[in-house]
Amino acid sequence: MTRRFRPPVLLLCFILGMTLLWLSFPFVTAFSLTQWLLYRGYRDVTVHIGYPGLRSVRIFEIRFAKALNDEQYSIHAKNCSLEWSVSSLLSGQFDRVVLPDAAVALTSASRRDIPATRVGQAPADASASTNIVTVNDLVEGIPTLPFVTLQMDHMTVLREQATGPLRELTIEGTVQQHSEGVFAQFSVRGSGTQSYLLRVTDLTTQVMSIRLDRGDQTKTPIVYWRSEAVPRGTETQLKGQIEIDVDQLAPFIDVALPIGPELRQVSGKIRASWSGTASSLVSVTSIWRHPDTRIQGMMQSDIHLPEIKGVGKNLALTMTGRFSGNSTRLLWAIDAGKLGAATVDVQYVPFLRQIQQYLPTGVHALRIECRQGMTGELSWVSSPAHFLIRGPITISHGSRPFDWSGQVVVADIAGIGKTIETSSGTFNLSGRLPKALLEATHARAANMKVLGSFTIDRSRIRASIEKPTSITIDGIRHPRAEVDHLRVFLQRSMPIAFDVQSKEWDIGSSAVTIRLGEIRADHLRLSSQPVRLDLKSAGGSRLSWSVTGSVAMSSVTFLDKARVPVTDWTVHFSADPGIMKAEFQVQAHNIPVPLTVHAQYGLSIGRGALRGELGPVSFDHEAVLIRTMPFFSSYPVSLTGGKLFVRFDADWKEGPSHLIQFQGGRAEIVLQGLSGRFQEVLFHGAETTVSMAAKGFDSLSTLRPAQVTVTSINPGIEMTGLSMTVQAEWMSPAPLPVIEIRDVKVGLLGGTLTSQGVRADLNHPPHTVTFLARQLDLQQILGLEQQRGLHGSGFIDGTVPVTVNSGSVTAREAEFEARPPGGVIRYEPPDGGKTVAQANPAMKLVLQALSNFHYNVLQVGAEYTRDKNLNIKARLEGRNPDLKIAPPVHFNLTVQEHIPALIKSLRIARDIEDSVGANVERP
């Protein structure tokens, strides 16, 4: 019973399965085709397929699009049909594919629907650049259907960037494939133009031809290509030719490669012919793939195009040569001469847009020549094909009005597919710097001359910049500095390497000499001998880079600072994306005053710091005068001994408009054993260490009291053992600081002079300080008068209130008094007092009393005035014990001295005594 009903059940299942397959066919097929197109990069895919019939299926609509460079490529077809028979399906192809209505469009990427424009007129928003479009670009990713007959009833093709009569064209025709070969015939016409006829024949009888004619059936075809293979005995003779009339082909070229509105200026011819042999045992379909096949031929082209948008104008290509080869290799040779020429504006060349601001502006005349001929080889043993070109090929260019020129000589080029693997050559560029680089230098004009060589090894590009490369810049006007002119000369070859894939770059060791004109910056004018820049290394990759080197400047002269010494500067620097470091070394000519500064700046955080050292500077009378040092040139100071050492550091950050904002810093000044002269004051053995700190430009102060000691000071009266502590503080906007001097002590006239000190705001004088005099030796005091025969003993104490005002020092109510029990004053005139007694008899008693005067009271009042006069009133009481009648004697004295004159006389007297003593002691 089960076997009886099995055939009907199987038949029913088959019918149901076929029904389900028929019902699901439109949806499954449409979904699969949609996913395939999306996978291949298309978008906006729409597919509507009908239910299949017994002999055909209809595709109601298919639409898809994708971006093709900077254009949008779209296809839209309606009411297409696929027809078949059982035999054709069994052979794996369709009998007929019918395209009754199809449209292909290449439009601007920003819009899809572009209004039509009349022939010869470019769209208003047409791009300045254009892409070359080939048939492979249009069919890439679209599934192909095997067919016997392809019928194209009406297809429109629109290329928006084209400007010729075939900008929008209509194609009608058929393609047939059968046992005799392939036959294709298409009729093409543009908007308002006559038709063109394209015929393609590929016969199994070893003849292939392509012919494009005008519709008027002119005798000369626009394109003619014929290839034949004729058996002759044991060999098959191969021959063929190609002839292209570029004048008549111009409308078609404009569709693939938009030329512009000047199509009538297109002219030229392309001709090629070849012959060869192949084995007669090889089938026709395998002739061009058999290793024994050999061909040789000649080629000639002379083409002129008025413009290719995005490339240039007045393009010319002229070439005559020969070629030979087999199934795996093609050898060719080009005769010497000019190969091509064009005028190019870099701002319209697409692949130069990213760097056009650094390239010379204007229209450039480009010329390509092979002055010694050129050979090459193309091999397709493996895929992609390998190629090799041997030159030299000379590429020269220049811009109007002839302010830029260059020449590149390529020795050889080798590559795979579209990729250059290796190449080598030389270059020579000269002319004005581009506008962007000129603006970066703030210069009025700049010119350069660059020579060198290059090599390419896969992704690695190497170049060597050679002498006499130079750069000339005139009229630099930076907001902070001005330079009349700058000349840069390469002294040592500069190797450069760049990896296209990893973006790694490297600049090897090199050196340049820079000749500078007068430099003006911040009220300074300076000049120098030629500057030498030594680049030790530089390199990086994408976001990482580093550079190290040094700069040497000799004979740096401050033109408006006559007392500033001529100096030599050396700067060692290094930098990377995070930090920039520099070490400055400054050395004065003929003066051992070294200055070293270490600076660093954080590029990522916008903050910097420096630390430096001045010295140690050793002073002596012959080598260093303080007046020759910067910062001291305006002070009346000269040093004859001792050492100076300065340490300092500072911090800053980058503020608005890239201005430097000083944050603060510290300095330590060390003086050791300084000796010299300040105005008319001699000093010896001055020592101190002063530590200071600054907060921005608003304040400056000492960190701690500075201990100052001086072995001796001699303004005319020698003082010894000076010691004190000094502090200072300055706050903006006050012009002068606040100074605090404490614990002053100095040896004077055998005693001491002390003071607790004073805190003085120099912006608000006067300031008063009181000195205490203790145990001053009367004998040394009397010695100041230079009076012969005058001697004394005893000690004097006192107080001296000193007032310091702007530009003057005064002392009022200074008081001195002898220490108990007093002392002795003896005055013995050289002539015994006879001269004085004869002139004034009353003076005889005074001289008798002073011959051995024992005083018990000695009081002195002093006043020092603004006009530098010292007024003294003295009271002296005592007696002479040598006199039989010795009543107490009271003396009241008034003395007035001009202190500068007194000091001068004391100094002169001392100098005379020293000179006489030296002469007496000399043997």
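Pro733 sits in the loop between β42 (719-731) and β43 (738-748), where strands (E, at least two residues) and helices (H or I, at least four) are DSSP runs numbered from the N terminus. A cis peptide bond, with omega of about 10°, links Ser732 to this proline. The model is a predicted one, in which local features need pLDDT of at least 70 and side-chain atom pairs count only at pLDDT 80 or more, while totals for chains, interfaces and linings use all residues. Residues are numbered from 1 along each chain as its sequence is written, and side-chain values use heavy atoms, with hydrogens and water left out.

**Backbone points to look at**

- Most residues other than glycine have a negative phi, and most peptide bonds are trans.
- Another cis peptide bond runs from Lys467 to Pro468, with omega near 5°.
- Pro468 belongs to strand β24, which covers residues 460-478.
- Asn79, in strand β3 (residues 71-83), is a non-glycine residue with a positive phi, near 55°.
- Asp743 is not a glycine either, yet its phi is positive at about 55°; this residue lies in strand β43.

**Exposure of these and one other residue**

- The classes here are buried (under 20% relative accessible area), exposed (over 50%) and partly exposed (in between), using a 1.4 Å probe and protein chains only.
- Asn79 counts as partly exposed because its relative accessibility is 42%.
- Asp743 reaches 53% relative accessibility, so it counts as exposed.
- Ser396, by contrast, is buried, with a relative accessible area of 15%.

**Around Ser396**

- Ser396 is part of strand β20, residues 386-399.
- Setting aside neighbours within four places in sequence, Ser396 is in contact (heavy atoms within 4.5 Å) with Ala365, Leu366, Arg367, Gly406 and Gln407.

**Nonpolar cores**

- In soluble globular proteins, nonpolar side chains tend to be buried together.
- A nonpolar core is a set of buried Ala, Val, Leu, Ile, Met, Phe, Trp, Tyr and Cys residues joined through side-chain atoms within 4.5 Å.
- The largest nonpolar core holds 56 residues, and those with the most contacts inside it are Phe64, Tyr73, Met155, Leu169, Ile171, Leu249 and Leu305.
- Beyond its neighbours within four places in sequence, Ile171 is in contact with Met152, Asp153, His154, Met155, Val157, Phe186, Ser187 and Val188.
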